[in-house]
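Please look at the structure before going on.

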Amino acid sequence: MSDAKTSQGLVLEEVRRTFQQGKETLEVLRGAHLNIRPGEIVALVGPSGAGKSTLLHIAGLLERPDAGEVRLAGQAAGGLSEGERTRLRRLHLGFVYQYHHLLPEFSAVENVILPQMIAGASKAKAKTRALDLLTRMGLAERAEHRPGQLSGGEQQRVAICRALANAPRVLLADEPTGNLDPHTSDGVFAELIALVRGSGVAALIATHNPELARRMDRIIRLEDGLLVDGGAK
Ligand SMILES: Nc1ncnc2c1ncn2[C@@H]1O[C@H](COP(=O)(O)OP(=O)(O)O)[C@@H](O)[C@H]1O
Ligand SMILES: [Mg+2]
């Protein structure tokens with residue numbers, strides 16, 4: 001990469017992915033290019049089945065593309081072993097899914113502490129950061145509650161805190177408010193954007209809500225396997 005700062009975010013180069021469905025070959029990604037700089041929040045839009053989740057899984061190093069390269073925080077992931085990819089993912093990536101996937105037997109604060117301890121932080125330091133994140137998401141009073149005692153919006157707020165717990169360089173979110181009612185979705189989304197804005201993370205957020213997409217810095221559309229940049233707003 002010629003632009004060193006650019007490469008500190010998320011870069012996709014010529015990413016291709018096909019699936020075999022019976023006799024049919026489905027070309028979901030046909031050479032996708034993407035460059036998200038630190039501090040930039042980008043909406044990924046496109047109809048259901050366009051390949052948004054596939055793209056996020058590849059960008060998140062959960063799957064390998066058939067061809068092309070993913071660069072994360074300046075490091076090319078293609079040539080790395082599974083162990084090295086896991087390490088890169090733990091250090092530099094946060095992921096928010098449509099469903100929260102919190103650990104049900106742990107409290108909210110413990111769910112945000114755990115990934116930090118797995119990454120090597122002390123429990124005391126991890127707890128301070130977890131409480132700070134939860135407080136910024138308006139969840140100070142809910143820190144000791146288990147996921148089952150929280151509302152859907154609160155669960156998703158905790159999942160967002162967990163994704164940002166290790167101060168990743170890149171945040172990926174796959175329709176993070178897709179399971180919430182419109183009013184709750186609106187609030188959670190506003191808080192997500194506020195938290196991300198202050199963090200300098202490069203964020204790629206899939207949504208099929210055009211109103212939410214317009215609140216981001218840039219909109220990228222997945223169309224016929226290619227990414228079409230809507231340009232800066
Ligand atoms: N593991 C898989 N095997 C076969 N087909 C798949 C697989 N994953 C996704 N697909 C297909 O790829 C297309 C894109 O899926 P997806 O990435 O989930 O789209 P989106 O998130 O935009 O709705 C869909 O047609 C889907 O059926
Ligand atoms: Mg999807």
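## An aromatic pair

In this predicted model, phenylalanine 95 has a relative accessible area of 14%, which places it under the 20% cut-off, and therefore it counts as buried. Tyrosine 97, with a relative accessible area of 27%, is partly exposed, because its value falls between the limits of 20% and 50%.

A search of the whole structure finds one aromatic pair, and it is formed by the rings of phenylalanine 95 and tyrosine 97. A pair of aromatic rings is described by the distance of the centres and the angle of the planes. Here the centres of the two rings are 4.6 Å apart and the planes meet at 20°, so the pair of phenylalanine 95 and tyrosine 97 is described as stacked, given that planes under 30 degrees apart count as such.

Polar atoms of the protein lie beside oxygen atoms of the ligand at several places. A polar backbone atom of glycine 49 is 2.7 Å from an oxygen atom of ligand 1, and for a polar backbone atom of glycine 51 the distance to a ligand oxygen is 3.0 Å. In lysine 52 it is a polar atom of the side chain that lies 2.8 Å from an oxygen atom of ligand 1. Taken alone, ligand 1 exposes 560 Å², and the protein buries 63% of that area.

## Helix 3 and its partners

Helix 3 covers residues 108–118, and its buried residues are Ala108, Val109, Asn111, Val112, Ile113 and Gln116. An α-helix has 3.6 residues a turn, so residues three or four places apart point the same way. The buried residues of helix 3 pack against helix 4 (123–136) and helix 5 (152–164), while just after helix 3, glycine 120 takes a positive phi of about 105°.

Lysine 127 belongs to helix 4 and is partly exposed, with a relative accessible area of 35%. Not counting residues up to four places away in sequence, lysine 127 touches Val109 and Ile113, both of which are listed among the buried residues of helix 3.

Histidine 92 is found in helix 2, which covers residues 82–92, and at 17% relative accessibility histidine 92 counts as buried. If its neighbours within four places in sequence are left aside, histidine 92 is in contact with Leu72, Ala73, Pro168, Arg169 and Val170.

Is threonine 207, which lies in a loop, buried or exposed? With a relative accessibility of 6%, threonine 207 counts as buried, and the loop that holds it runs between strand 8 (202–206) and helix 7 (210–213). A polar atom of the side chain of threonine 207 lies 2.9 Å from the backbone nitrogen of asparagine 209. Beyond its neighbours within four places in sequence, threonine 207 is in contact with Leu44, Val45, Glu175, Leu212, Ala213 and Met216.

Conventions. Residues numbered from 1 in each chain as written. Chains lettered and ligands numbered in written order. Predicted model: local features only at pLDDT ≥ 70, side-chain atom pairs only at ≥ 80, totals over all residues. Heavy atoms only, no water. Polar contact = N/O pair within 3.5 Å; in protein donor to acceptor, adjacent residues only side chain to side chain. Areas by Shrake-Rupley, 256 points an atom, 1.4 Å probe, with all protein chains shown as cover. Phe/Tyr/Trp six-rings, centres within 6.5 Å; stacked < 30°, edge-to-face > 60°. Buried < 20%, exposed > 50% of the residue type's maximum accessible area, 1.4 Å probe, protein only. Helix = DSSP H or I, 4+ residues; strand = E, 2+ residues; numbered from the N terminus. Contact = heavy atoms within 4.5 Å.
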